[in-house]
Amino acid sequence: MSSVLFVIAPERFRDEELFETQSVLERAGHQSVIASTKLGLCPGSRGGYAEAIRTLDKESGFAYDAIVFVGGGGTTQLFGNADAWRIAREAMATGKVVGAICLAPVILANAGVLAGRQATVAGTQAATLEAKGAY
């Protein structure tokens, strides 16, 4: 059984990106933890709420088998977050599975872990990924 860290914005994350992905992984027997920049209930952009039980400054990319960065409009709050970058770098450095949905690949690009990798992103952020070396 593997452990998965879901990184969400403290508000306006995309509900379905978190809840559906988490549900599929948990049904497959994986354990999940939700972390954000604050503890407690975080409102999604579609009316749902997720409970962040950990804060990003207390998390490590080394501690999980996989990291999923969830997108949504609120994700822009994490584009420059040093703790999110550190988690991504730690996970990538140790060969962990790292995924990012919707706008969240910008976090990975800004962390410097997409250089030389194929990546996609929602919206108008493709130039951001390309500027950081993704293709």
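How many residues does helix α1 have, and how far does α1 reach from its first C-alpha to its last? The legends below take up that helix and then several other close-up views, all drawn from a predicted model.

**View 1. Helix α1 from end to end.**
Helix α1 runs over residues 15–27, which gives 13 residues. From its first C-alpha to its last, α1 reaches 18 Å, close to the 18 Å expected at 1.5 Å a residue. Residues three or four places apart in an α-helix point the same way, because there are 3.6 residues a turn. The buried residues of α1 are D15, E17, L18 and Q22. Among the elements that cover these buried residues are the strands β1 (3–7), β2 (31–36) and β4 (49–52).

Is D15 buried or exposed? With a relative accessible area of 6%, D15 is buried, because the cut-off for that class is under 20%. Setting aside residues up to four places away in sequence, D15 touches E20, G44, S45, R46, G47 and G48. One of these, G47, is 32 residues from D15 along the chain, yet their C-alpha atoms are separated by 7.7 Å.

**View 2. The F13 and F19 rings.**
How many aromatic pairs does the count come to? The count comes to one aromatic pair. In that pair, the rings of F13 and F19 have centres 6.0 Å apart and planes at 80°, so the arrangement is edge-to-face. The two partners can also be described by their accessibility. F13 is buried, with a relative accessible area of 0%, whereas F19 is partly exposed at 30%.

**View 3. Two loop residues with positive phi.**
This view takes in R12 and C102, neither of which is a glycine. R12 is found in the loop between β1 and α1, and its phi is positive, about 60°. Its relative accessibility of 39% makes R12 partly exposed. C102 is found in the loop between β7 and α3, with a positive phi of about 65°. At 23% relative accessibility, C102 also counts as partly exposed.

**View 4. T75, a buried loop residue.**
Where does T75 lie? T75 sits in the loop between β6 (66–69) and α2 (82–93). Its relative accessible area is 0%, and T75 is buried. Not counting residues up to four places away in sequence, T75 touches A9, V70, L103, A104 and I107.

A111 lies in helix α3 and counts as buried, at 5% relative accessibility. Which residues is A111 in contact with, leaving aside its neighbours within four places in sequence? The contacts are W85, A88 and R89. For a sense of the spacing here, the C-alpha atoms of A111 and R86 are separated by 7.3 Å, and these residues are 25 apart along the chain.

**View 5. D83 in helix α2.**
The place of D83 is in helix α2, and D83 is partly exposed, with a relative accessible area of 25%. Leaving aside neighbours within four places in sequence, D83 is in contact with L56 and D57. G123, by comparison, is 40 residues from D83 in sequence and 24 Å from it in space, C-alpha to C-alpha.

**View 6. The largest pocket and its lining.**
Rolling a probe the size of a water molecule over the atoms shows where empty space is left. The largest pocket has a volume of about 150 Å³. Its lining is made up of M92, V98, G99, A100, P105, L108, V113, L114, R117, Q118, A119 and T120. Which element supplies the largest share of this lining? That share, three residues, comes from β7. Both β7 (97–100) and α3 (105–111) each supply at least two lining residues. Sorted by class, the lining has eight nonpolar, three polar and one charged residues.

Technical notes
Residues are numbered from 1 along each chain as its sequence is written. This is a predicted model: local features need pLDDT of at least 70, side-chain atom pairs count only at pLDDT 80 or more; totals for chains, interfaces and linings use all residues. Side-chain values use heavy atoms; hydrogens and water are left out. On a 1 Å grid over the protein atoms alone, a cavity is a set of points where a 1.4 Å probe fits but cannot get out, and a pocket is an open set with protein on both sides within 12 Å along at least five of seven lines; lining residues have an atom within 4 Å of a point. Grid points are joined across faces, edges and corners, and a volume is the space filled by probe spheres set on the points. Helices (H or I, at least four residues) and strands (E, at least two) are DSSP runs, numbered from the N terminus. Ala, Val, Leu, Ile, Met, Phe, Trp, Tyr, Cys and Pro count as nonpolar, Asp, Glu, Lys and Arg as charged, and the others, Gly among them, as polar. The expected span of a helix is 1.5 Å times one less than its number of residues. Buried means under 20% relative accessible area, exposed over 50%, partly exposed in between (1.4 Å probe, protein chains only). Contact means heavy atoms within 4.5 Å. Rings of Phe, Tyr and Trp (its six-membered ring) pair if their centres lie within 6.5 Å; planes under 30 degrees apart count as stacked, over 60 as edge-to-face and the rest as tilted.
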